[in-house]
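Colleague: I would like to learn how to read a model like this one, feature by feature. Could we take the features in turn?

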Amino acid sequence: EIPANNILNINAGNLAFTYVLFNSMGQAVAKGDAHGTVQVSVERLAKGVYFLHITSNQQMRVEKIIVE
């Protein structure tokens with residue numbers, strides 16, 4: 001679980017990656033491509049649970065995000 005208020009920081013070291021942030025209903029609410037680190041604004045999102053899918057080098061990781 002990762003808490004987030006206004007900004008969600010995603011750090012993938014030195015790797016290029018793609019991210020998609022889904023709400024609890026499975027709708028994509030933010031997505032993009034980045035390299036290393038990216039900051040995603042979550043200030044307009046409703047408070048609650050989201051799921052961040054990060055794909056890099058053919059590997060996928062899912063993190064639970066709590067927008068407060």
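Colleague: Which residues is Ile 10 in contact with, leaving aside its neighbours within four places in sequence?

Modeller: Keep in mind that this is a predicted model. With those neighbours left aside, Ile 10 is in contact with Phe 17, Tyr 19, Gly 36, Thr 37, Val 38, Val 40, Leu 52 and Ile 54.

Colleague: Which residues touch the most other members of the largest nonpolar core?

Modeller: The general idea is that nonpolar side chains tend to be buried together in soluble globular proteins. Here the largest nonpolar core has 17 residues, and those touching the most other members are Leu 8, Ile 10, Phe 17, Leu 52 and Ile 65. Two or more residues of this core come from each of β2 (7–22), β3 (28–41), β4 and β5. The top contributor is β2, with six residues.

Colleague: How many bridges join β2 to β3?

Modeller: There are twelve bridges, and the two strands run antiparallel. To see the pairing in the viewer, find Asn 9, which stands opposite Gln 39 in β3. The hairpin of β2 and β3 has five residues between the strands, and Gly 26 takes a positive phi near 85 degrees there.

Colleague: Now the end of β4. Is Ser 56 buried or exposed?

Modeller: Ser 56 is found in strand β4. The cut-off for buried is under 20% relative accessible area. Ser 56 has 10%, so this residue is buried. Beyond its neighbours within four places in sequence, Ser 56 is in contact with Leu 15, Ala 16 and Phe 17.

Colleague: And where is Asn 57 placed?

Modeller: Asn 57 is in the loop between β4 and β5. Its relative accessible area is 58%, so Asn 57 is exposed. The C-alpha atoms of Asn 57 and Phe 17 are separated by 7.7 Å, although these residues are 40 apart along the chain.

Colleague: How many salt bridges does the structure hold?

Modeller: Two. In reading one, look at the distance between the closest N and O atoms, then at where the partners lie. Glu 1 forms a salt bridge with Lys 64, with the closest N and O atoms 3.5 Å apart. Because Glu 1 lies in the segment before β1 (2–4) and Lys 64 in strand β5, the pair ties together parts that are 63 residues apart in sequence. Glu 1 counts as exposed, at 68% relative accessibility, whereas Lys 64 is partly exposed, with a relative accessible area of 34%.

Colleague: Which residue forms a salt bridge with Glu 63?

Modeller: That is Arg 61, and the closest N and O atoms are 2.9 Å apart. Arg 61 has a relative accessible area of 45%, so this residue is partly exposed.

Notes: Residues numbered from 1 in each chain as written. Predicted model: local features only at pLDDT ≥ 70, side-chain atom pairs only at ≥ 80, totals over all residues. Heavy atoms only, no water. Salt bridge = Lys/Arg side-chain N within 4 Å of Asp/Glu carboxyl O. Helix = DSSP H or I, 4+ residues; strand = E, 2+ residues; numbered from the N terminus. Buried < 20%, exposed > 50% of the residue type's maximum accessible area, 1.4 Å probe, protein only. Contact = heavy atoms within 4.5 Å. Core = buried A, V, L, I, M, F, W, Y, C linked by side-chain atoms within 4.5 Å. Pairing = 2+ DSSP bridges.
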